[in-house]
Amino acid sequence: MPYRFRVLGLLFLLVFIMYLDRLCIAVAGPRIQQDLGLSPKEWGWVIGAFTLGYALFEMPSGAMGDRIGQRKVLSRIVIWWSAFTALTGTVTSFGPLLLIRFLFGAGEAGAFPNCAGVVSRWIPAQERARSTSIFWIASSLGGVVTPLIVVNIQQAYSWRESFYLFGSVGIIWAVIWYRWFRDHPQQKHRITTKELDHIGTSHHQIHGKVPWKVMFRNPNFQKILLMYHLYCWGAYFYLSWLHTYLQLGRGMTEDQMKFASTLPPAAGAIGVILGGYLSDMLLKRYNIRIARCSVGSASLFLSGVLMLAATATESNSMAVFYLSIGMGVMNAMLPVAWSICVDIGGQHAGAVSGAMNMSGQFGSFISSVAFGYFVEMSGSYDTALIPLAAMLLVSGFVFLKIDPAQVLDLSINSQQAKDQSA
């Protein structure tokens, strides 16, 4: 098996473990709220604390991986977040839960930017959309498996034991990653010259300081940030509030919620596979803008329409159906968006993707907190979902304005020349 596929296999396991740890609290949410006496507004802040830590540390974590290598950075952050996963099971009140979830989010922040950095060094351009879809397949699989494991542990023991179990798994991965992985393909023993030539490694070097000002002045990159921010308003509902929505908003039993909540991420896995392959297929026939933007924009717009349909039906089964198909089409956008970061970012792919995800997670933070307030103000979980669906619709229109062919010129000297000529 080619070594780049083995690298993708380890990244698949990384994202799968990450989503086990991340979704554990969403599945256990109704029991934790009851046990600790938390209101919808307080629970929104608990969910938001994670996303705030996640957003704040996206860029520095991605830049650190670009600078010192993903081997060291991913090993460290997985150990960090695994520790705080386990500590979540020890909390007895609102305040400590907020702090632990914030620090947990700070640890997980570096995962996807550093995965993108690994892809930029190990995967050739024509395979990147399919390769990044691997991450999102793993996230969807985590979404399918987590409710089945957590609910059974809760019913047999308590919600706390699920956090202890999941916290231990990441440590094993970190040890394997550090011992086996190398930051550059040419550093890996026994990799063939044929594979090295196929990957193309000459320009993938660990670099110094990231020119942040140059990056954020770029109008095309600003559109990417806005698109992903709006997308995360709707997308984070599936990771934070879905299980509470089904159980408390739709009146499902815990066992009904356990199985119903596996359907959206299962559809999401299919979506990321189709999105990655469709984008790469279109790239062979058309230009990169058609290949990326047609898939990304259509995915976001349709997902917003389907989320609105879920709010309008009284049938629980139809609501689950609309939300499931909605997550499926929405996830087709993910490998495309992250491929764009690699396409335009080059050796700064980790920093570029980290900035995009940071912008997105600020959207996740605002929406997860706001959703709790929307529920209390409207008295309806369905009404509270409408603003999130609207954000997905707008995000789809913004995606059409992005130009993936416009590679970021992150040369400080180049930017200074432009300023002087202006």
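User: I am new to this structure. What does buried mean here?

Analyst: Buried means under 20% relative accessible area, exposed means over 50%, and partly exposed lies in between. The structure is a predicted model. As a case, R4 is buried, and E127 is buried too.

User: What do the side chains of R4 and E127 do?

Analyst: They meet in a salt bridge, at 3.1 Å from N to O. R4 belongs to helix α1 and E127 to the loop between α7 (111-122) and α8 (128-156), so the pair ties together parts that are 123 residues apart in sequence.

User: How many salt bridges are there in the count?

Analyst: The count comes to nine salt bridges. Let us look at another one: D280 pairs with R292, with the closest N and O atoms 3.6 Å apart. Because D280 is in helix α15 (residues 263-285) and R292 in helix α16, this pair ties together parts twelve residues apart in sequence. D280 and R292 are both buried. There is also a network, in which salt bridges that share partners join R4, E127 and E195.

User: Which residue forms a salt bridge with D35?

Analyst: That is R160, and the closest N and O atoms of this pair are 3.7 Å apart. The pair links distant parts of the chain, with D35 in helix α2 and R160 in helix α9, 125 residues apart. D35 itself is partly exposed, with a relative accessible area of 46%.

User: How should I read the sides of a helix?

Analyst: A handy idea is that an α-helix has 3.6 residues a turn, so residues three or four places apart point the same way. Now try helix α2 (residues 29-36), where G29, P30, I32, Q33 and L36 are buried. Looking down the axis of α2, you find its buried residues within an arc of 165°, so they line one face of the helix.

User: What covers the buried residues of α2?

Analyst: The cover includes α1 (3-27), α3 (40-56), α6 (94-108), α9 (159-180) and α13 (242-249). For a closer look at α13, take Q247, which has its place in that helix. Q247 counts as buried, at 17% relative accessibility. Leaving aside residues up to four places away in sequence, Q247 touches P30, M252, E254 and M257.

User: And how do I read a phi angle?

Analyst: Most residues other than glycine have a negative phi, and most peptide bonds are trans. After α2 comes G37, with a positive phi near 65°. R190 also has a positive phi, of about 75°, although it is not a glycine. You will find R190 in the loop between α9 and α10 (193-199). With a relative accessible area of 76%, R190 is exposed.

User: How is a pair of packed helices described?

Analyst: Two packed helices are described by the angle between their axes and the distance between the axes. Helix α16 (residues 288-312) and helix α17 (residues 316-331) pack at about 170°, and their axes are 8 Å apart. An angle over 145 degrees counts as roughly antiparallel, and α16 and α17 are therefore roughly antiparallel to each other.

User: Which residues of α16 and α17 meet?

Analyst: On the α16 side they are S299, L302, S303, L306, M307, A309 and A310, which meet A319, Y322, L323, I325, G326, V329 and M330 of α17. The residues of this contact divide into eleven nonpolar, three polar and no charged.

Technical notes: Residues numbered from 1 in each chain as written. Predicted model: local features only at pLDDT ≥ 70, side-chain atom pairs only at ≥ 80, totals over all residues. Heavy atoms only, no water. Axes fitted to C-alpha atoms, helices over the stretch in contact; angles between N-to-C directions. Helix = DSSP H or I, 4+ residues; strand = E, 2+ residues; numbered from the N terminus. Parallel < 35°, antiparallel > 145°, perpendicular 65-115°, else oblique. Contact = heavy atoms within 4.5 Å. Nonpolar A, V, L, I, M, F, W, Y, C, P; charged D, E, K, R; others polar. Buried < 20%, exposed > 50% of the residue type's maximum accessible area, 1.4 Å probe, protein only. Arc of directions from axis to C-beta. Salt bridge = Lys/Arg side-chain N within 4 Å of Asp/Glu carboxyl O.
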